[in-house]
Amino acid sequence: MSKANNFQRIRELNYLQKAVLAAAILERMTPNYGLFSEATGFGDEQVFRNALNLCWEKLLLPKSKISLEKQVEKIEPNVPELSDFDMFGTYPAIDVSTALLGFIQGLMTKDEIEFVNVAKISQATVARYIEFLFAQEDVIPDNKQVREHPLMQYEIEVLGELIDFVEQMGRITSENVKQLKAQAIIDGQTNIGLAIENM
């Protein structure tokens, strides 16, 4: 699957398909925040978890009285500042925050571009992680090395499979949303290959 191909496919999905796909990608990203929080003692992963669960609920029951604004207010104080932490894990934690806040914004304003951006942020997290791995060996990778790295190839493959799943879902029901969530984390790891615990 070429990268452009995946993003092209996402753009062709309808509003609701894009939204559930973005939520599924966030399922893979959110545990990165938990690992950062555990390592630094900063922030509360539960805030992110609850917000994402409420977003799923809002997608299934659009008329529900869930206040997405409240979720934004809860997430914002938990977004780490890069300058406060001297560890790589800060980047994926900020990416999760950016992706989730953008996703909620997209739900509030019905802006599909925000949903496409979640997939882009996820790939950017993977690219940055690959660059970090190369840097450990004093290598500055070029775009080709990043693109062909097994982690990036895997990210593209997983995204392709999630798009396949969403394309075949038809009407969005709690049953197929449950299957989509399971599909997103079936391999037991986050988008950068860290083990997801307690799933």
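**Exercise 1. A pair in helix H9**

Glu175 has a relative accessible area of 44%, so it counts as partly exposed; the classes are buried under 20%, exposed over 50% and partly exposed in between, with a 1.4 Å probe and protein chains only. Work out how Glu175 and Lys178 are placed in their helix, and what joins their side chains.

Before the steps, a word on the source: this is a predicted model, in which local features need pLDDT of at least 70 and side-chain atom pairs count only at pLDDT 80 or more, while totals for chains, interfaces and linings use all residues. Residues are numbered from 1 along each chain as its sequence is written, and side-chain values use heavy atoms, with hydrogens and water left out.

*Solution.* 
- Step 1: find the element. Both residues belong to helix H9 (residues 174–184), where three residues, about one turn of the helix, separate them. Helices are DSSP runs of H or I with at least four residues, numbered from the N terminus.
- Step 2: check the side chains. Glu175 and Lys178 form a salt bridge with an N to O distance of 3.9 Å; the term requires a side-chain nitrogen of Lys or Arg within 4 Å of a carboxyl oxygen of Asp or Glu.
- Step 3: check the partner's surface. Lys178 is exposed, its relative accessible area being 54%.

**Exercise 2. How H2 meets H3**

Describe how helix H2 and helix H3 are arranged, starting from their axes, and sort the residues of their contact by type.

*Solution.* 
- Step 1: take the axes, which are lines fitted to C-alpha atoms over the stretch in contact, with angles from 0 to 180 degrees between N-to-C directions. Those of H2 (residues 15–40) and H3 (residues 45–60) come within 9 Å and cross at roughly 170°.
- Step 2: classify the angle. H2 is therefore roughly antiparallel to H3, a label for angles over 145 degrees.
- Step 3: list the contact, meaning heavy atoms within 4.5 Å. On the H2 side the residues include Leu16, Ala23, Glu27 and Tyr33, and on the H3 side they include Phe48, Arg49, Leu52 and Trp56.
- Step 4: sort them. Twelve are nonpolar, three polar and three charged; here Ala, Val, Leu, Ile, Met, Phe, Trp, Tyr, Cys and Pro count as nonpolar, Asp, Glu, Lys and Arg as charged, and the others, Gly among them, as polar.

**Exercise 3. Two salt bridges to set side by side**

How many salt bridges does the structure hold? Examine Arg49 with Glu27 and Lys144 with Glu148.

*Solution.* 
- Step 1: the total is eight.
- Step 2: Arg49 and Glu27 are linked by a salt bridge of 2.9 Å, N to O. Because Arg49 sits in helix H3 and Glu27 in helix H2, the pair ties together parts 22 residues apart in sequence.
- Step 3: Arg49 is buried at 17% relative accessibility, and Glu27 is buried at 4%.
- Step 4: in the other pair, the closest N and O atoms of Lys144 and Glu148 are 3.3 Å apart. These residues are four apart in helix H7 (residues 143–148), which means a separation of about one helical turn.
- Step 5: Lys144 is partly exposed at 46%, and Glu148 is partly exposed at 47%.

**Exercise 4. The nonpolar cores**

Which residues have the most contacts inside the largest nonpolar core, and which element gives the most to this core?

*Solution.* 
- Step 1: In soluble globular proteins, nonpolar side chains tend to be buried together.
- Step 2: the largest core has 49 residues, and Leu21, Trp56, Leu100 and Phe103 have the most contacts inside it. A core is a set of buried Ala, Val, Leu, Ile, Met, Phe, Trp, Tyr and Cys residues joined through side-chain atoms within 4.5 Å.
- Step 3: elements giving two or more residues to this core include helix H1 (3–12), helix H5 (90–109) and helix H8 (150–167). H2 gives the most, with eleven residues.
- Step 4: beyond residues up to four places away in sequence, Leu21 touches Ile10, Leu13, Leu159, Leu162, Ile163 and Val166.
- Step 5: a second, separate core has eleven residues, among them Ala127, Leu151, Ile156 and Ile192.

**Exercise 5. A lysine in H2**

Is Lys18 buried or exposed?

*Solution.* 
- Step 1: Lys18 belongs to helix H2.
- Step 2: its relative accessibility is 5%, so Lys18 counts as buried.
- Step 3: apart from neighbours within four places in sequence, its contacts are Ile10, Arg11, Leu13, Glu112, Phe115 and Val116.

Conventions
Parallel < 35°, antiparallel > 145°, perpendicular 65-115°, else oblique.
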